Amino acid sequence: PGYQAYTVLLDGGEILSGLLFNETANSVTIKQANGVARTISREEIQRLQNSKFSLMPEGMEALMSQQDVADLLAFLHSPIRTDKQP
């Protein structure tokens with residue numbers, strides 16, 4: 001789990017996308033762009049696919065200063081916190 005985007009196709013045809021937040025033998029948890037983490041039973045999943053695209057909008061880095069890019073990279077390389085403290 002980390003910052004890799006995934007797309008999940010469920011049995012009912014619903015499609016989810018987001019970060020692979022947690023994975024067990026029986027389920028996966030996808031953290032969606034709205035911040036909601038959804039745990040899905042593997043029995044409900046038709047397809048779990050690693051996305052080839054970044055979650056960051058195309059061209060966004062062109063609008064960012066060098067410091068903003070450095071700060072973003074530092075954040076992405078920091079450990080994922082599982083507690084709820086700021």
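Is E14 buried, partly exposed or exposed in this structure? E14 is partly exposed, because its relative accessible area is 35%. The legends below describe a predicted model.

**View 1. Overall arrangement of the protein chain.** The protein chain contains 1 helix and 5 strands. Followed along the sequence, these elements give the pattern β-β-β-β-β-α. Of the 86 residues in the protein chain, 20% count as buried.

View 2. The 5 strands lie in an open sheet in the order 4-3-2-1-5, and their pairing is antiparallel. Strand 4 and strand 5 are the edge strands, each of which pairs on one side only. On average, and with direction ignored, neighbouring strands of this sheet are turned by 40 degrees against each other. As background, the strands of a sheet pair through backbone hydrogen bonds, in either a parallel or an antiparallel sense.

**View 3. The hairpin of strand 1 and strand 2.** Strand 1 and strand 2 pair in the antiparallel sense, with 5 bridges between them. Within this pairing, L9 stands opposite I15 of strand 2. The hairpin has 4 residues between the two strands, and G13 takes a positive phi near 95 degrees there.

**View 4. The hairpin of strand 2 and strand 3.** Strand 2 and strand 3, the latter comprising residues 27-31, are paired in the antiparallel sense over 4 bridges. This hairpin has 3 residues between its strands. N22 has T29 of strand 3 as its bridge partner, while L20 has I30 of strand 3 as its partner.

**View 5. The largest nonpolar core.** The largest nonpolar core has 9 residues in all: Y6, V8, L10, L16, L20, V28, I30, I40 and I45. At least two residues of this core come from each of strand 1, strand 2 and strand 3. Strand 1 gives the most, with 3 residues. In general, side chains of a regular strand alternate between the two faces of the sheet.

**View 6. I30 within the core.** I30 is placed in strand 3 and belongs to the largest nonpolar core. I30 counts as buried because its relative accessible area is 0%, against a limit of under 20% for buried residues. V8 is another member of this core. The C-alpha atoms of I30 and V8 are separated by 8.6 Å, and the two residues are 22 residues apart along the chain. I30 is also the bridge partner of L20, a residue that is likewise listed in the core.

**View 7. The salt bridge between R38 and E14.** A search of the whole structure finds 2 salt bridges. In one of them, the side chains of R38 and E14 meet at 2.8 Å, N to O. The pair links distant parts of the chain, 24 residues apart: R38 is in strand 4 (residues 37-41), whereas E14 is in the loop between strand 1 (5-10) and strand 2 (15-23). R38 counts as partly exposed because its relative accessibility is 29%. E14, at 35% relative accessible area, is partly exposed as well.

**View 8. The salt bridge between R42 and E23.** The side chains of R42 and E23 also form a salt bridge, with an N to O distance of 2.8 Å. R42 lies in the loop between strand 4 and strand 5 and E23 in strand 2, so the pair ties together parts that are 19 residues apart in sequence. R42 counts as partly exposed at 31% relative accessibility. E23 counts as partly exposed at 40% relative accessibility.

**View 9. A nonpolar patch on the surface.** M56, M60 and L63 form a nonpolar patch on the surface. Together these residues present about 290 Å² of accessible area. M56 is located in the loop between strand 5 (45-50) and helix 1 (66-77). Why does M56 count as partly exposed? M56 is placed in this class because its relative accessibility is 30%, and partly exposed residues fall between the limits of under 20% for buried and over 50% for exposed.

Methods
Residues are numbered from 1 along each chain as its sequence is written. This is a predicted model: local features need pLDDT of at least 70, side-chain atom pairs count only at pLDDT 80 or more; totals for chains, interfaces and linings use all residues. Side-chain values use heavy atoms; hydrogens and water are left out. Patches are made of residues with over 30% relative accessible area and no salt bridge: like charges are joined within 9 Å, nonpolar side chains (Val, Leu, Ile, Met, Phe, Trp, Tyr) within 5 Å. Accessible areas come from the Shrake-Rupley method with a 1.4 Å probe; for residues, only the protein chains shown count as cover. A salt bridge is a side-chain nitrogen of Lys or Arg within 4 Å of a carboxyl oxygen of Asp or Glu. Buried means under 20% relative accessible area, exposed over 50%, partly exposed in between (1.4 Å probe, protein chains only). Two strands pair if DSSP finds at least two bridges between them. Axes are lines fitted to C-alpha atoms, for helices over the stretch in contact, and angles run from 0 to 180 degrees between N-to-C directions. A nonpolar core is a set of buried Ala, Val, Leu, Ile, Met, Phe, Trp, Tyr and Cys residues joined through side-chain atoms within 4.5 Å.
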